[in-house]
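Welcome! Please take a look at the model below, and then we can walk through some of its parts together.

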Amino acid sequence: MPRLARRHLTEAASSPTSVSPARRRAIATRLLRWYEQNRRHLPWRHRRDPYAIWVSEVMLQQTQVATVTPYYERWMQRFPTVRALACADEDAVLGVWQGLGYYSRARRLLAGARTLVSVYGGEVPSTVAELRRVPGIGAYSAGAIASIAFGVQEPAVDGNAARVLGRLECVEGDPKRAQVARRLSTIARRLVPLDRPGDFNQALMELGATLCVPRRPECSQCPLQRLCRARRQRRTEQLVAAPAQPPKRQVHMVAAVIRRAGRVLVARQRDDAARWAGLWKFPDAELGSAEQPEVAVARAAQTAARVTVAVDRRSSRLRFVITNHSITLDVYECRVRGRTGISAGQHAAWKLPLELEALAMPAAHRKIARSLPGSSDRGRAVRSDDPNRRQMRKGWQAGRTGYSTQRRQQRPHTGEGKGTCA
Ligand code: SF4
């Protein structure tokens, strides 16, 4: 390529978001060629189904590919269509999701599926405007579904794509800030080609997940290295780097395993709870400053089910991280003292350890349940195919994903009537 033309491609930009046609073509050509040769083979990339794309998109929000993959496969087996999901009850949906975290995502999928059945007859609409009317589908998901499943020329800028775009065009600032995000979205919209918009969006995300990583991007292997303004200015580490994370808040919690006649007490978290809404768990509480653990355990039992307990001993300690909290959870064995106050209207129940397997529980409480004598899982070694347990292990290293090479496709016709689950 002549030197002048190359200079034009790397430096021409009369306004912060302008991209010359020559530069646009060069970026798309190089990126798509690289993607064809280097994309990872992931289960959702083998499906030409907007519902499958939507599910994978939601699961991949704030979660790594390796963690998502077994959940995605289980989900698609259990709820293979929009209608199958819409007709499921919330407990079943949360049961399949349990262990993946951020449970509001599962509820949003369910609400969205019910809207799709009642309004669109179980089909996923193809335009961004219609997609945005579905609960739980935001700008990014709408762009991803429209471009990948239906070949619509729309951008889809997730965190990985934002990082690539920010470096490519030297955009200053945190991509989470609205002004920066808008600028990146404008750049993306100018870059997405009419031909293969879905592949282009996936390629951007894939590049951000695998080479253009937050720290020490592998520029020497990057298909865009000659076009990248940040690389040319030696500013790749400064631009769109994730802001430093604040230290995690240390939280000390207690949980009560309260026994009565071979059963244990579990309570269902309120639907409006900030964390684990709708899930079942052992009564638990955060330890107050200077509060004795036994007092907190008794408080947890009272709050969950108005049960007075005698605390026997601490049986185990779990440590786990949820968003910006580092949690230590001490588990105490307890007995009921006197009568229990559980009323019919309360969301608490006495269950055999074996019966707990049927309830949707957060991962830490599932671990407690499976440690109980009489549970189906007691004493079993960690199974490699169990996503709830695998997520607890360290060492998952994979980036965000992109999607498959679908071209414009027909909307799948379900042959189902509108509005019911029957
Ligand atoms: S050259 Fe480096 S910084 Fe630029 S897009 Fe490629 S990997 Fe990212």
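**The chain as a whole**

The chain's secondary structure comes to 16 helices and seven strands. Helices (H or I, at least four residues) and strands (E, at least two) are DSSP runs, numbered from the N terminus. Of the chain's 422 residues, 40% count as buried. Here a residue is buried if 20 or more other C-beta atoms lie within 10 Å of its own, exposed if 12 or fewer, and partly exposed in between, with C-beta atoms placed from the backbone. Among contacts with a separation of 6 or more, 68% are between residues 24 or more positions apart; two residues are in contact if their C-beta atoms, placed from the backbone, lie within 7 Å.

| Partner of strand 2 | Sense | Bridges |
|---|---|---|
| Strand 1 (residues 249–260) | antiparallel | two bridges |
| Strand 7 (residues 348–351) | antiparallel | four bridges |
| Strand 3 (residues 280–281) | antiparallel | two bridges |

Strands 1 and 2 form a hairpin with two residues between them, and A261 in the turn has a positive phi of about 50°. V264 also has a bridge partner in strand 7, namely K351. On the strand 3 side, R268 stands opposite W280.

D330 lies in strand 6 (residues 325–336). It counts as partly exposed because it has 18 C-beta neighbours inside 10 Å. Leaving out residues up to four places away in sequence, D330 touches V254, P293, R314 and R317. The C-alpha atoms of D330 and S316 are separated by 6.0 Å, although these residues are 14 apart along the chain.

Helix 15 (residues 363–371) is mostly covered, with seven of its nine residues buried. Among the buried ones are H365, R366 and K367.

**Around the ligand**

How many residues surround the ligand? There are 14, and the closest are C212, P217, C219, C222 and C228. A residue is near a molecule if its C-beta atom, placed from the backbone, lies within 6 Å of it. Helix 10 (159–168) and helix 13 (229–232) each supply at least two residues of this shell, and helix 10 gives the most, with three residues. By type, the shell divides into ten nonpolar, two polar and two charged residues. In this grouping, Ala, Val, Leu, Ile, Met, Phe, Trp, Tyr, Cys and Pro count as nonpolar, Asp, Glu, Lys and Arg as charged, and the others, Gly among them, as polar.

**Confidence**

The predictor's confidence in each residue is given as pLDDT, from 0 to 100. The chain's mean is 83, and 82% of its residues reach 70 or more. Confidence is highest in helix 5 (residues 82–86), at a mean of 97, and lowest in helix 16 (residues 387–390), at 40. Over residues 4–15 the pLDDT is below 50, and this stretch has 14 contacts beyond near neighbours in sequence. Where pLDDT is low, the predicted coordinates should not be read in detail.

Methods. Residues numbered from 1 in each chain as written. Predicted model: local features only at pLDDT ≥ 70, side-chain atom pairs only at ≥ 80, totals over all residues. Pairing = 2+ DSSP bridges.
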